[in-house]
Amino acid sequence: VEKQSIYSRNFTLMWSKPFDGFSSILYYIIDYKDYGAANFTFLRNINATSNTSTVSVAGLQPHTLYIIRIVPVNRLGEAAGEDPVQVTTAVAYPSAPRNLNVSVTSSTSLFASWEKPETPNGPIDAYNVYFQIVDAAGERVVMSLQITDMFVTSANITGLKKFTMYKVSVRAANKAITASLEGPTSNFVEIQTAQDVPSAPVSLSIGAVDDTSLHVTWLPPLAPNGIIMFYQVFIAESVTSVSATQNISANATKTVIKGLTAYTTYTAIVRAFTIDFGNFSLPADGSTDEGF
């Protein structure tokens, strides 16, 4: 018996006419079962009209071992002791992984876990975890990582942007002879990485208001890495002598420092606070006006 055209849900067998016991073979009885079944299922009778015959068996399950009996029948009855044929159907696309859950582990990492597909349709070759930034202007890059151990149904996703919303999904893949068969996508999970300390405020400037006051302005950090709660401004005549400190609302990026000495040069720095203080800005120098 020659096995031909073996697919995930059907296959074809071809065979040559065996010795007929000096009584012409009239037809063949074809029945089959999967390996775990107790009884055979009758498929059809095939007329023995030529020296070779074929039969196609359809409606099967992927990656399943089937037992097929081809029983010749002549006018004396059925042949006895025919060896059955074993055929394993090909793998197919797996169904989607189930119950994807994603949790935050840090400002730059997430942890994803899922359950294996309900219908794997073959041995799982890999899980592909996909993640992308949600609503990022001009950025639609889908990143991925691969888990190649079929028994592992979780992944650490690292190297992410801080305090950023991501959309995560996972797909299972079976290994076919010539390609990887990736199944449908799991449920999507949208989740935001944790807050972190902000980068330094930028474009700090300082100038005189009068002989005892200076105005200080700045721009927000380029990477806030969270929700800015407030700014802290330091102003001093020297690095060892702080003259004034102010906490400024997160909605403001300027302040006026009063009560300073006339005609004196001061240095200002500013930092932002999210879950903690970030780095200080570059310093800026300015002088109060000359008094009268």
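Biologist: Where is Q232 found?

Modeller: Q232 is in strand β19, residues 230-238; helices (H or I, at least four residues) and strands (E, at least two) are DSSP runs numbered from the N terminus. This is a predicted model, in which local features need pLDDT of at least 70 and side-chain atom pairs count only at pLDDT 80 or more, while totals for chains, interfaces and linings use all residues. Residues are numbered from 1 along each chain as its sequence is written, and side-chain values use heavy atoms, leaving out hydrogens and water.

Biologist: Is Q232 buried or exposed?

Modeller: Q232 is buried, at a relative accessible area of 10%. Buried means under 20%, exposed over 50% and partly exposed in between, with a 1.4 Å probe and protein chains only.

Biologist: Which side chains make a polar contact with the side chain of Q232?

Modeller: Those of N247, at 3.1 Å, and R271, at 2.8 Å. A polar contact is a pair of N or O atoms within 3.5 Å; within protein, one must be able to donate a hydrogen and the other to accept it, and residues adjacent in sequence count only if both atoms are side-chain atoms.

Biologist: Turning to the largest nonpolar core, how many residues has it?

Modeller: The largest nonpolar core has 20 residues, and L100 and W114 are among those with the most contacts inside it. Such a core is a set of buried Ala, Val, Leu, Ile, Met, Phe, Trp, Tyr and Cys residues joined through side-chain atoms within 4.5 Å.

Biologist: Which strand gives the most to this core?

Modeller: Strand β11, with 5 residues. Apart from this core lies another, of 18 residues, including L204 and I248.
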